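This report describes selected secondary-structure elements and how they pack. The sequence and structure are shown first.

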Amino acid sequence: MSSPSPYVDEVPEGIPTTLDWVVLSADMATIHAAQRYASIVELWDDAIRAATRDEGASVLVERSVRLEVASALRISEHAAGRLMGVGRALVKRYPAVWESMSHADITDTHATIIVDGLDELEIIRDELVREVLALAEEMPTGPFRRAVKRIVDREREATIAERHADAVAHRHVRVEPGVDGMAWLTAHLPAVEAHAIHGRLTAIANTLDDERSLDQKRADVFGDLLIDGETESLPDTVRGIRPTVTVTVPALTLLTGDGPAAQADGVGPVPLDRARELCGAASGWMRVLTQPDTGVVLSVGREHYRPPADLRRLVTWRAARCMAPGCGIPADRCDIDHTVDWHHGGHTDAGNLAPLCRGHHTLKHHTDWQVTAQPGGALEWTSPAGRVYLVKPERRIPQFSTDPPPF
């Protein structure tokens with residue numbers, strides 16, 4: 001007969017056990033999450049009521065509040081938008097679900113499953129709230145998610161053709177960064193086409209007799225077909241790869257072949273030979289030689305509004321990303337904005353220029369967010385609520401010096 005565990009002490013009656021505290025903490029987190037949703041919706045409603053701009057103000061207000069929430073909570077704008085969307089759904093469309101969550105009768109996950117599921121059934125969603133809420137209060141999240149899916153599928157069987165057509169309208173291709181110089185290329189496609197593509201990749205890969213695995217051959221065929229496939233019907237400008245590459249090469253590495261690896265913008269560290277290969281395939285490229293105590297400053301002052309190409313490239317290289325709080329859009333897809341507006345005396349120089357994506361560029365000029373330039377290319381954003389966020393560029397522009405180093 002085994003002896004009792006030495007780590008388990010007898011708990012006097014009426015005293016909460018450790019598990020009781022786990023459950024109590026989880027319940028309090030759910031109650032706080034419900035209050036967070038309500039507060040976000042209140043913040044959003046207050047901003048809408050305070051807006052006195054044109055018909056497009058509601059879109060700008062939403063974007064402004066989203067940035068406010070993201071910055072305050074130190075999360076991405078995508079995550080903040082998710083909180084806003086779920087919060088408004090719970091408070092405005094599913095108040096009974098919010099009420100249940102505010103008493104910890106269901107979890108935050110249960111609530112989001114309900115919102116995601118029933119929002120697909122706009123016409124009859126109100127009729128299903130009672131049914132799914134009763135299940136949510138009884139079931140763990142895994143079985144509940146499957147139960148909601150069965151309910152949604154049951155209600156949508158009659159409209160499958162229309163739903164498929166709507167889904168096809170949202171097809172897309174996305175690139176997400178990976179690690180070790182890799183990335184994920186994903187395509188959301190109709191299932192028939194997706195399986196046909198995979199089947200063709202497999203068929204071609206099976207004809208290749210070498211040491212690569214089937215997965216490796218499929219991936220290589222995929223790249224070969226898209227990059228160098230038959231595209232006679234397309235313009236020359238969209239055939240193959242014609243990159244413009246920004247490569248940062250430490251001076252020691254460039255001169256001797258030793259030292260830190262080169263940095264390919266958007267990729268990360270790459271071997272010097274690979275950097276040279278990338279540059280050789282590019283129609284245009286910019287080298288930035290880095291050394292701790294050297295650099296360059298470019299400016300055209302008030303002579304020209306539009307920055308010259310070299311200055312644009314330098315500002316883009318310095319920031320690497322949109323210079324709004326938390327934004328990750330690559331700088332080469334952004335507008336080059338005068339922090340102090342040109343019409344208000346702003347200069348066209350590196351200290352007054354920063355890349356902003358189109359959304360944040362519009363937000364800067366048409367909402368109550370205030371932006372000021374700081375030394376080194378940083379931007380200080382002051383939100384409508386008065387909170388201050390400092391956004392620093394990913395790189396600094398070195399300062400060149402002809403003075404000999406001190407001894």
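## Helices H6 and H7

The model is predicted. In it, the crossing of helices H6 and H7 is right-handed. H6 covers residues 125–136 and H7 covers residues 141–156; the two pack at an angle of about 160°, and their axes lie 10 Å apart. Because angles over 145 degrees count as roughly antiparallel, H6 is roughly antiparallel to H7.

On the H6 side, the contact is made by Leu 128, Glu 131, Val 132, Leu 135 and Ala 136. H7 contributes Phe 144, Ala 147, Ile 151, Arg 154 and Glu 155. Of the residues in this contact, seven are nonpolar and three are charged, with no polar ones.

E7 pairs with strand E8 (residues 353–356) in the antiparallel sense, over four bridges.

## Helix H13 and the residue after it

Which residues of helix H13 (residues 309–319) are buried? They are Leu 311 and Leu 314, together with the run Val 315, Thr 316, Trp 317, Arg 318 and Ala 319.

Ala 320 follows H13 and has a positive phi, near 70°.

Methods: Residues numbered from 1 in each chain as written. Predicted model: local features only at pLDDT ≥ 70, side-chain atom pairs only at ≥ 80, totals over all residues. Heavy atoms only, no water. Pairing = 2+ DSSP bridges. Axes fitted to C-alpha atoms, helices over the stretch in contact; angles between N-to-C directions. Parallel < 35°, antiparallel > 145°, perpendicular 65-115°, else oblique. Left-handed = near helix turned anticlockwise from the far one by under 90°. Contact = heavy atoms within 4.5 Å. Nonpolar A, V, L, I, M, F, W, Y, C, P; charged D, E, K, R; others polar. Buried < 20%, exposed > 50% of the residue type's maximum accessible area, 1.4 Å probe, protein only.
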